Amino acid sequence: MSRPPRHRLVPTNVAALAAGVSEATIRKWVSRGKLTRYGIPGRSEFDIQELTEIALQRRG
């Protein structure tokens, strides 16, 4: 999978707000393979489009 465009990447705290979950849940999703983590060690970033899709599935 290629890296999404820079403008679509958000830090963990914004990812949690966008998905309506805690930052711990974001980290759990990454460890379970449900969400892709981008960034460098110490700076996780997530694709806002991928988060939106997950959030919509959870509400559906």
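Student: Which residues does Leu51 touch, not counting residues up to four places away in sequence?

Tutor: Leu51 touches Val10, Ala15, Ala19, Ile26, Leu35 and Phe46, once residues up to four places away in sequence are left out, where contact means heavy atoms within 4.5 Å. Before going further, note that this is a predicted model, in which local features need pLDDT of at least 70 and side-chain atom pairs count only at pLDDT 80 or more, while totals for chains, interfaces and linings use all residues. Residues are numbered from 1 along each chain as its sequence is written, and side-chain values use heavy atoms, with hydrogens and water left out.

Student: Which residues make up the largest nonpolar core?

Tutor: In soluble globular proteins, nonpolar side chains tend to be buried together. A nonpolar core is a set of buried Ala, Val, Leu, Ile, Met, Phe, Trp, Tyr and Cys residues joined through side-chain atoms within 4.5 Å; buried means under 20% relative accessible area, exposed over 50%, and partly exposed in between (1.4 Å probe, protein chains only). Here the largest such core has 11 residues, namely Val10, Ala15, Ala16, Ala19, Val21, Ile26, Trp29, Leu35, Phe46, Leu51 and Ile54. Two or more residues of this core come from each of helix 1 (12-19), helix 2 and helix 3 (48-59), and helix 1 gives the most, with 3 residues. Helices (H or I, at least four residues) and strands (E, at least two) are DSSP runs, numbered from the N terminus.

Student: How many salt bridges are there?

Tutor: A salt bridge is a side-chain nitrogen of Lys or Arg within 4 Å of a carboxyl oxygen of Asp or Glu, and by this rule the count comes to 5. In one of them, the side chains of Arg8 and Asp47 meet at 2.6 Å, N to O. This pair links distant parts of the chain, 39 residues apart, with Arg8 in the segment before strand 1 (9-11) and Asp47 in strand 3 (residues 43-47).

Student: Why does Asp47 count as buried, and why does Arg8 count as partly exposed?

Tutor: Asp47 counts as buried because its relative accessibility is 6%, whereas Arg8 counts as partly exposed because its value is 23%.

Student: Where do Glu23 and Arg27 lie?

Tutor: Both lie in helix 2 (residues 23-31), 4 residues apart, about one turn of the helix, and they form a salt bridge whose closest N and O atoms are 3.9 Å apart.

Student: Which residues do salt bridges that share partners join into one network?

Tutor: Start with Glu45 and Arg43, a salt bridge with its closest N and O atoms 3.4 Å apart. Through shared partners, Arg3, Arg6, Arg43 and Glu45 are joined into one network.
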